[in-house]
Amino acid sequence: MASASRATPDKLPAWQTLKQHAEELKSVHLKTLFGSDRSRWSNFTRQVAGLTLDLSKQRWDDDTLEHLLALAHDAGVPGAIDALLSGKRVNTSENRPALHTALRLPADAILNVEGEDVVAGVHESLAQMERLVCRLHAGQWRGATGKPIRHVVNLGVGGSDLGPLMVTHALADCRPRDIHPIEVHFASTMDGSQLADYLSRFNPETTIFVLSSKSFTTIDTLSNANTARDWLLGRLTHHGDFASTSDVSAELIVRQHFIGVSASPEKMSEWGIAADHQLKFWEWVGGRYSLWGTIGLPIALVIGMANFRELLAGAHAMDSHFREAPLEDNLPVLLALAGIWNVNFLDIRAHSILPYDGRLEYFAAYLEQLEMESNGKSVTRQGQAVSYSTCPVLWGQLGPNAQHAFYQLLHQGTQPVVCDFIAPLKRYDEVADPDTRRHLKAQHRLALANCFAQSRVLMLGDDALDDDGPRPEHKRYRGNQPSTTVLLDKLTPHSLGALIALYEHKVFVQAVIWDINPFDQWGVELGKQIATDTQAIIEGEGDIARMDASSRGLIEAFWAAEQDE
């Protein structure tokens, strides 16, 4: 990334120029910007890898972009891109590379990182994952009592859950035909509520669990895994409800009903997971960037390995664009600069993600972790407190549902919000029945009409109406809310891979400009540590007297409730 001796971004010349420029532009309405520039759409729209990025509804002009590009150069973005993709130690607080992009390099690529070609190891792990996927898809994976597996439950949290959950939902239509039926499920909550539902309905003879944890110490995941193991042992051993005529050993049950995905093979082995059911994960891949590797096992189980490799290829296409395109035509860079402009110069610190396709239901939740865990930082890479805003608050849901929930605030609230609208241009071509296809395509056109209309109203307000008559104040809306639209030619594994990589690289570019490390999460680690200490006190193994009054009161309320049972 940028030099350790560089000035903080707010001291860079381009930052000061942008501050002055923002004062001049703050009073200019988006409708004026469109009215004065007939080529605005072409000037602020770029296309690559099956994506169209429309930034024309941002509250900026050509001069703004010129100044922002100068800021990117001043902040060292070109060198930082090269450092990221070539395997330099860009994760400064943990002194290691951030090589999620290596997970999607083609097999014939070479990436030497500190004397080791990492590509060979990546593809070896993919080959091991493919062997497990093929066994399950062929119905050849048998549980401890000899029955083929029907249900796979992924036990993970954060990046080990959100990424695979989002992608499997988005690409469920890509499920391969003529395979043994496998259903993939996700359990992440530490309270056990999701898992309890599965255990009440599934047959333990035909259910396996995937333990996905980079460190293999995540308490949420291990508590669910221990519950699942006890459930299997209680049901499948010789005294259980599903016992066969011969004794089924605990060792066989754990072997046949658990797969591990971790960077810690020794911990997986200690837990009891068989070596040939372990999938490798590297320390140089952060959890929220990990779906591209073996953490993506649930994805491959749903869409097949061929489609999984297409997902990787789409992301790699965006990686290549990110490396090669000049900053002024670089989609991740431009998306990042729009965010910098909104947060740091227009003081817009709320950002809503609004997909107009039900398959992208979990995309907003995925981006919430990607952006806020990465860039929710208040200290520079040199350990200095920042004096400027960094990551905005990110939130959102499916656009058609959100229109009936929180769009009122977007249109007439006092809080300015920037929105990202996301939609595919084509859908339902694969539906065989012509009448059904016609009706579904009409619904898709309806969704697109709403998507395009909402960004137009955010921009123009009342002026979006043909009616020129006076409107009462409670019906007035002045518009001027910025938005971005990302269009996919079609939602496929390739285009989804490119879309996710677009946002990954956007986050990185913003981190470079803000001079923060997007690859650590010490706040999360602190929370885990305090939770472990608090759990000990709840279990009666710690000193409650050292707790604050509120925490003491909460714990004592829990103790009292337990005594009443």
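The model is predicted, with pLDDT of at least 70 needed for local features and pLDDT 80 or more for side-chain atom pairs, while totals for chains, interfaces and linings use all residues. Residues are numbered from 1 along each chain as its sequence is written, and side-chain values use heavy atoms, with hydrogens and water left out. Helices (H or I, at least four residues) and strands (E, at least two) are DSSP runs, numbered from the N terminus.

**Domains**

- The protein chain is divided into domain 1 (9-75 + 325-466 + 473-520), domain 2 (115-306) and domain 3 (523-564); these bounds come from an automatic or database domain assignment.
- Between the C-alpha centres of domain 1 and domain 3 there are 41 Å.

**The open five-stranded sheet**

- Five strands make up an open sheet with parallel pairing, in the order S6-S5-S7-S8-S9; two strands pair if DSSP finds at least two bridges between them.
- Strand S6 (183-187) and strand S9 (278-280) are at the edges with a single partner strand each, so one side of each has no neighbour in the sheet.
- On average, neighbouring strands of this sheet are turned by 20° against each other, direction ignored. Axes here are lines fitted to C-alpha atoms, for helices over the stretch in contact, and angles run from 0 to 180 degrees between N-to-C directions.
- Strand S5 (residues 151-155) runs parallel to S6 and is joined to S6 by five bridges. Here Val153 stands opposite His185 in S6.

**Helices on that sheet**

- Helix H6 (residues 118-137) packs on the sheet and touches strand S7 (207-212), strand S8 (258-262) and S9. Contact means heavy atoms within 4.5 Å. The direction of H6 makes about 145° with that of S9.
- Helix H12 (residues 297-324) also packs on the sheet, touching S5, S6, S7, S8 and S9. The direction of H12 makes about 155° with that of S6.

**Strand S12 and its partners**

- Seven of the nine residues of strand S12 (residues 418-426) are buried, so S12 is largely enclosed by the rest of the structure. Buried means under 20% relative accessible area, exposed over 50%, and partly exposed in between (1.4 Å probe, protein chains only).
- Strand S10 (residues 350-355) pairs with S12 in the parallel sense over five bridges, and Ser352 stands opposite Cys419 in S12.
- Strand S13 (residues 483-490) runs parallel to S12, with seven bridges joining the two; the bridge partner of Lys426 in S13 is Lys490.

**Two loop residues with positive phi**

- Glu114 lies in the loop between strand S3 (112-113) and strand S4 (116-117). The phi of Glu114 is near 55°, a positive value in a residue other than glycine, and Glu114 is exposed, with a relative accessible area of 55%.
- Tyr428 is found in the loop between S12 and helix H17 (434-460). Although Tyr428 is not a glycine, it has a positive phi of about 75°; with a relative accessible area of 16%, Tyr428 is buried.

**Cysteines**

- A disulfide is taken as a pair of cysteine sulfur atoms within 2.5 Å, and by this rule the count comes to zero disulfides.
- For Cys134, the nearest cysteine sulfur is that of Cys174, 17 Å away. Cys134 counts as partly exposed, at 43% relative accessibility.
- For Cys391, the nearest cysteine sulfur belongs to Cys419, 15 Å away. Cys391 counts as buried, at 19% relative accessibility.
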